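The following exercises concern a single protein chain. Please examine the sequence and the model before reading the solutions.

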Amino acid sequence: MTSFENLSKIEVNKSGIQNGEHTRALVSENRLYFRKGKVGDWENHFTDEMNEKIDKLINEKLSHTGLVLK
């Protein structure tokens with residue numbers, strides 16, 4: 001089983017450098033890929049517009065299932 005702790009120890013996840021590549025164009029900030037992973041933390045990253053779009057999409061996708069999210 002993979003845990004966040006194990007993933008955070010992998011060199012590419014620490015440095016953003018993959019396979020010894022040192023070209024800055026290929027290096028991405030890890031904060032763009034990893035977050036805290038805490039329940040509800042999405043509220044710190046989503047705008048109201050993004051939240052509305054996600055709610056609409058989920059409701060459309062689940063409409064035929066009988067499931068209702070509250």
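The exercises below treat the fold, the surface and selected side-chain contacts.

This is a predicted model, in which local features need pLDDT of at least 70 and side-chain atom pairs count only at pLDDT 80 or more, while totals for chains, interfaces and linings use all residues. Residues are numbered from 1 along each chain as its sequence is written, and side-chain values use heavy atoms, with hydrogens and water left out.

**Exercise 1.** State how many helices and strands the chain has, and how much of the chain is buried.

Solution. Step one: the chain has three helices and zero strands, where helices (H or I, at least four residues) and strands (E, at least two) are DSSP runs numbered from the N terminus. Step two: read from the N terminus, the order is α-α-α. Step three: of the 70 residues, 7% count as buried; buried means under 20% relative accessible area, exposed over 50%, and partly exposed in between (1.4 Å probe, protein chains only).

**Exercise 2.** Describe how the rings of Trp 42 and Phe 46 are arranged.

Solution. Step one: rings of Phe, Tyr and Trp (its six-membered ring) pair if their centres lie within 6.5 Å; planes under 30 degrees apart count as stacked, over 60 as edge-to-face and the rest as tilted. Step two: the count by this rule is one aromatic pair. Step three: Trp 42 and Phe 46 form an edge-to-face pair, 5.6 Å centre to centre with 70 degrees between the planes. Step four: Trp 42 is partly exposed at 33% relative accessibility, and Phe 46 is partly exposed at 31%.

**Exercise 3.** Locate the salt bridge of the structure.

Solution. Step one: side chains of opposite charge can pair when their charged atoms come close. Step two: the structure holds one salt bridge (a side-chain nitrogen of Lys or Arg within 4 Å of a carboxyl oxygen of Asp or Glu). Step three: its partners are Glu 49 and Lys 53, at 3.5 Å, N to O. Step four: both residues lie in helix α3, four residues apart, about one turn of the helix.
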